[in-house]
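Hello,

I am passing a structure on to you, as promised.

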Amino acid sequence: MSKNHPVHLLGLICIALGAQVAEAQVLTLKEAVQTGLHNYSAIKAKVNYVNASKATVKQSEKEYLPDLGISFQHDYGTVNGTTGPSYALRGISNAASSGAPLSEQNWHAAFGALYLTNVNWDFFSFGRAKEKIRTAQAAVSRDESDLVQEQFQHEIRVSAAYMNLLAAQRLTQSWQNNLDRAIALQGIVTTRVKNGLNAGVDSSLANAEVSSARIVLTRARDYEQEQANQLAILMGVPAQTFSLDTLFVARIPAALYDSGSRRQQHPLLAFYQRRIDLSNEQAKYFRTFSYPTFSLFGVFQGRGSGFDYDYGVQGMNHYKQDYLSGINPNRYNYLLGVGMVWNLTSPLRVQQQVNAQKFISQALKDEYDLTDQRLKAQLALADNKIKNALDNYREVPVQIKAASDAFLQKSVLYTNGLTNMVDVTQALYTLNRAETDRAITYNNVWQALLLKAAASGDFALFFNEF
């Protein structure tokens, strides 16, 4: 005994460790949801959209800063001038060659340079800069709401996929039990047929039942694998076989009796409202383009030239062609000013743009109302489903007990030669239907609660039950 004691102890330790590993491999619903929120690419995309909108706000805030530009250029060319008008058609300008009009063309060339600092500040534009910032902030609010509603929708999707897989696994187990019973019945029938107690057709019927049970079990496993694959996609993990938590399904969630509804806080409605707010802000921003813009500007300039100041007056040879003489600045100018720009036809165009945006806002409001109506209908449907699921939940134990008693009775009667194979097969069908109804009914109770959580916008209603 003493020699075997360490062996028994080691065996118990191994069993305990194996149980811990098996328990650690069970995927709970909370773990599935958290994994899905962390891995799902659509949510990652929404996060990046929010970050992009926040960067746009910072960019809009900095647009109120004055424009400060510096430039320099070193040129080589001629300075022939002429008297006559010209215009920079469509922004295309001519060469700014400054020289006295001469009696004839010449090709004297030298270096020149221009050094320029320019400041321009639109210091007042009737709130255009502030409205642009508010519009960018409204876009951030919209994208943040979009992220929240996407996370909420994904929590619902993962939970629904989890419950569907759990139902599929329980159905597979029910069909496995059905196959086990059919095989056991096949053994009894075969024994009685061999002993001449029953007709040979009973053996054929039993074989057909086993074959049928195997086919249905294969279909159930195929459906289970589809649901497992769907859950893996929503979780952002490779396709695999999941071991799910089944303990909670046998009880009724307490939140089923919670009549509270917080649809005004529904993430989807909040997202639709943020879309309306953004559209309204865009209309306000567009309206500011009807007004003029007041600007402050200043220029400081330095110029250098290889041509002397008396070129063309005292002689045509008063210029230097070396590079350093041309780029050294010898004349400076500055300019300060204030100005106003107002395109008087802009209000005619802007007004139509504002009207178009108002129609967009109204369209978004109509979509909000439609979504609100759908959520109300979904919430009413969820309450009805909860009631029906509870009624079935209470009825299932009665069905299971009656079907089990009937199958046991028919099996015993058949074993003693007091009934036929048809009665036993019918009892087998009844028991299998009762077990599948139990698997579906228990799951439907939780599915109904999930539907209520989705309609009310309160995922905690479902999530806190775990």
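Below are some notes on the overall form, followed by a closer look at one residue.

First, the ground rules. This is a predicted model, so local features need pLDDT of at least 70 and side-chain atom pairs count only at pLDDT 80 or more, while totals for chains, interfaces and linings use all residues. Residues are numbered from 1 along each chain as its sequence is written, and side-chain values use heavy atoms, with hydrogens and water left out.

The protein contains 10 helices and six strands (DSSP runs, H or I of at least four residues for helices and E of at least two for strands, numbered from the N terminus). Its C-alpha trace spans about 140 × 60 × 50 Å along the principal axes. The radius of gyration is 42 Å, whereas a compact globule of 466 residues would have one near 23 Å (taken over C-alpha atoms; the globule rule is 2.2 Å times the number of residues to the power 0.38). Of the 466 residues, 35% count as buried (under 20% relative accessible area, with a 1.4 Å probe and protein chains only).

Now to the residue I picked out. Ser-295 sits in strand 5, residues 293-305, and counts as buried because its relative accessibility is 10%. Its side chain makes a polar contact of 2.4 Å with that of Asp-122 (a pair of N or O atoms within 3.5 Å, one able to donate a hydrogen and the other to accept it; residues adjacent in sequence count only if both atoms are side-chain atoms). Leaving aside neighbours within four places in sequence, Ser-295 is also in contact with residues including Trp-121, Phe-123 and Val-338 (heavy atoms within 4.5 Å).

Best wishes

How values were computed: Buried < 20%, exposed > 50% of the residue type's maximum accessible area, 1.4 Å probe, protein only.
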